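Please read the following report alongside the sequence and the coordinates.

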Amino acid sequence: MMETGKSEYSSQNTNGANQVYEHIPAEKFAFAQMDTEIRDTKLQTKSRGYFADAMIRFKKNKSSVVAAWIIGLLVVFAVLAPVISPYNIKKDKDVVYRNFAPYIESVAKLNIGIFDGAQTYSSANDLNLQKYRGIAQETGMDPLLEITGTEVTYVMERGQMVAKNFYKVKVNSYYRIGVVNQNVSYDTFNKIQQFQDETGIQVLYPVVEQKDIYVKMSESEAKSVAVDANIWYQCSDVKGTPILDKDGNFKPAYCTDIKKAGPQDQVAYHSLRIAGDDGSYVYSLAKSGSVSVRVCYYNYYQFQQWLADGEYNPPMYIFGTNELGQDLFCAIGIGARFSLLFALLVSAINLTIGAVYGAIQGYYGGAVDMILDRIADVLSGVPFIVVATLFQLHLAQKVGPVVSFLFAFVLTGWIGMAALTRKQFYRFKGQEHILAARTLGASDRRLMFKHIFPNALGTIITSCAMVIPSVISSETNLTYLGIVNLSSFTGTSIGVLMEQGQRAMTTAPHAMFFPAIFFSLLMISFNLFGNGLRDAFNPTMRGAEG
Amino acid sequence: MRNLGYTIKYAIQRILLMLLTLLIITLICFVLIRMLPLKELPIGDPHTDVILAQREAFGYNKPYLVQFGIFLKNIFTRFDWGISDQLYFGQNVADIFLSKLPATMLVNVYSIVLSIPFGIILGIVAALKKNSWIDHTISTLTMVIISVPSFVYAFLIQYFLCFKLGWFPLLMKDGTDYFTWPMFRSMLPAVMSLSFGVIAGFTRVTRAELTEVLTNDFMLLARTKGLTKMQATVRHALKNCMVVILPSILSEFIGIMSGSLIIEKIFSVPGVGGLYLNSINALDYNMFLLLTVFYTVIGLLAGVVFDISYGFIDPRIRMGSKK
């Protein structure tokens, strides 16, 4: 079968003609119909090319068209997300907002249950609720969104049955942070004041000392209690039970001793004061060379932005943050960008190598085919994960992880394409039009790439659409497993994001779901799209799997 | 009979070729791994001397081909793959590997066993109800499920079934009591995560094959003979389908033994996948080499078994014949 074309050609040469030509000279050719009238009528309908035909068939396949649109949207997302996001994943790694739920302030204020940074705690007790109330009263931001359930349990305490309430609460995790203690230099302290004056946003809150909180204890005893920055009121015990006045209000325990504030020529406080402050509250505590302040983190966050680039916005994490404090929205975009570009590059390289290799195999056949086939066989026998690992171990130090990763994909990736091209070449090389072209003296290369290859193009395009998702999938697998670490190059990748999300699954499911949803959507739509292409280019293959 | 002889000859040919390929791959990987710089051993540890002596015996200072000869000789005479010099300090690599194998194999065997009935039944239903809404639903679901990688199911199962509902433990149980109920229960999440893709794969093969067989003329003949649709399908169509389905089950069975590294990582299955990752991170080269050979063997074997079983199951197919 595979030798048909050649043998016919040579037998005609040796037996049929008197003279054997290497190339038939031009003068031997004559037009068959130079003077006779051509009676064919011209086609009335518009002729349609192969690709136009395939396009029409593709458009009929609704699910593939939808898949193509989804791929388009995902690509647009990958391109635009890092631009839209105000954050940069390499620069902006927040130390407090880690694994925090999606949050957009303007949407959260509408109180419709989305983008409100909500986190559910299943067993909050009365003290927790008091603390939330304290935060709400001091900072004006109420962390408590909703109490979704109450459970009363009775426990034995000092020989008596005591009722204990446990609540299932939904809390705005961004507000829940409330106030934190921060050590800042004199300079920063004054910068914060400047920020407050300019914007009217209260960052600094009056400091408190333990001895003022735990009024019932001796001073040394109170000092040993662990500091909770969110307690600014008098408490009766170390657990933080507030002492309330007769109206049920907190009793402030703010420090009023101006001597504690630090050197007055450095840290004189002249900025906004909180409501109820008669001017005696102290806003800093002296430390050696710096001051300790209580900052509302939500506002301090904006101050940090203002300090860095003059603009300030409340936190806006559309997909929430991951465990490094990166914006997931931006990170998924960055990861997807890399995945898509990398997959395109790998497919292009593998397509070229595979097509040339397969063409040589299929066209020449025989011993060449067998030797090349053995080589491909051996290479394809090495598991990809081993190839990737070996390349990382050998090359990553020298040429960087991305290049060595690329090599790993290229080393074995072209084999499938080569096998496909080889098959197509066997199919077409014995056909008459090839024989005709050969008789006319077309060179091997011309026959291969001008006469046979275009016939195989449909199959090859289809398989290209299938190769891209498989490359993305392998890349994600390997970065997930940590065998390949691309973080130094891209900052992150979808696989890394999912790995981080999986670790934080119990507390921050969003960190796992957003990358996983994006990835699944990409895979599904690429496969549907590929199937549609296959049906369009090879209508005879419709329904057959492969 | 002549056909069987032919099939056996073909099988032997394929196996020999596979062994040759395996040898070449092993040689390449062996040289590449031996070329890597060795990590320093802790000084003063009693095992260090043993490992150094072992390395001397393994010919670490000799040419690579000599080293490879010693390596092969040790494997064939004593099944000695060397000593772990980082991960399990001073222990035999092959012993560690064998102790990790059962967990991986069990998880995968369970998932195949679970998948076969589901996959084949769904495939049969889809094929019999071809072009009805049932078929469309099954086919679309199959398509979607195959596209989504198994670790996404692992996330969903771990979050909803293990964490939210608490039906299963979050991670697989430690220990070697593989055939107890708590162990089985702790394996189930991993088994299920793996099964989705396998079920979808079987469904797809069965549906494609059965729809083709059902249109054959002999099916019409069977019906005209007076067989009910049920009888004709079970006795004639299904039997013919098995020619394609059985090899794919067999090769899946072998292929899946290498396990899924990600699933093993997510559910912390104490299996081969975890060992592989650890051996890379710790740069334990002997372990890494053993696992490389393991994964290669599995991959090659799956292909060979698939091809050979075709010939044995259906004598009409003469694999590798010229015409």
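Predicted model: local features only at pLDDT ≥ 70, side-chain atom pairs only at ≥ 80, totals over all residues.

**Division of chain A**

Chain A is divided into domain 1, which covers residues 69-78 together with 326-541, and domain 2, which covers residues 103-176. The C-alpha centres of domain 1 of chain A and domain 2 of chain A lie 50 Å apart.

One loop position can be described in some detail. Gly276(A) is found in the loop that runs between helix 10 (264-267) and strand 7 (285-287) of chain A, and Gly276(A) is exposed, with a relative accessible area of 67%. Although 24 residues separate Gly276(A) and Pro252(A) along the chain, their C-alpha atoms are 9.8 Å apart.

**Salt bridges**

Over all chains, a search of the whole structure finds 15 salt bridges.

| Pair | N to O distance |
|---|---|
| Arg374(A) and Asp377(A) | 3.0 Å |
| Glu499(A) and Arg503(A) | 2.8 Å |
| Arg534(A) and Asp535(A) | 3.6 Å |
| Lys265(B) and Glu499(A) | 3.6 Å |

Arg374(A) and Asp377(A) are separated by about one helical turn, because they stand three residues apart in helix 13 (residues 366-381) of chain A. Arg374(A) is partly exposed, with a relative accessible area of 30%, and Asp377(A) is likewise partly exposed, with a value of 32%. Glu499(A) and Arg503(A) are four residues apart in helix 19 (residues 494-503) of chain A, so about one helical turn separates them as well. Glu499(A) counts as buried because its relative accessibility is 15%, which is under the 20% limit used for that class.

As for the pair Arg534(A) and Asp535(A), both residues are buried. Elsewhere in chain A, salt bridges link Glu209(A), Lys211(A), Asp212(A) and Lys260(A) in a network.

**The contact between chain A and chain B**

The contact takes 34 residues from chain A and 40 residues from chain B. Between them the two chains bury about 3300 Å², with 78% of this area on carbon and sulfur atoms.

How many salt bridges does the rule find across the interface of chain A and chain B? The rule finds one salt bridge there. Lys265(B) and Glu499(A) meet through their side chains in a salt bridge between the chains, and Glu499(A) also forms a salt bridge with Arg503(A) of chain A.

Several helices of chain A contribute to the side that touches chain B, and helix 13, helix 14 (384-399), helix 17 (444-481), helix 19 and helix 20 (510-537) each supply at least two residues. Helix 20 of chain A gives the most to this side, with 10 residues. By class, the side of chain A that touches chain B has 20 nonpolar, 10 polar and four charged residues.

Taken with the helix assignments, helix 13 holds the pair Arg374(A) and Asp377(A), helix 19 holds the pair Glu499(A) and Arg503(A), and both helices are among those that supply at least two residues to the side of chain A touching chain B.

Notes
Residues numbered from 1 in each chain as written. Chains lettered and ligands numbered in written order. Heavy atoms only, no water. Buried < 20%, exposed > 50% of the residue type's maximum accessible area, 1.4 Å probe, protein only. Salt bridge = Lys/Arg side-chain N within 4 Å of Asp/Glu carboxyl O. Contact = heavy atoms within 4.5 Å. Buried area = accessible area lost by both parts, 1.4 Å probe. Nonpolar A, V, L, I, M, F, W, Y, C, P; charged D, E, K, R; others polar. Domains from an automatic or database assignment.
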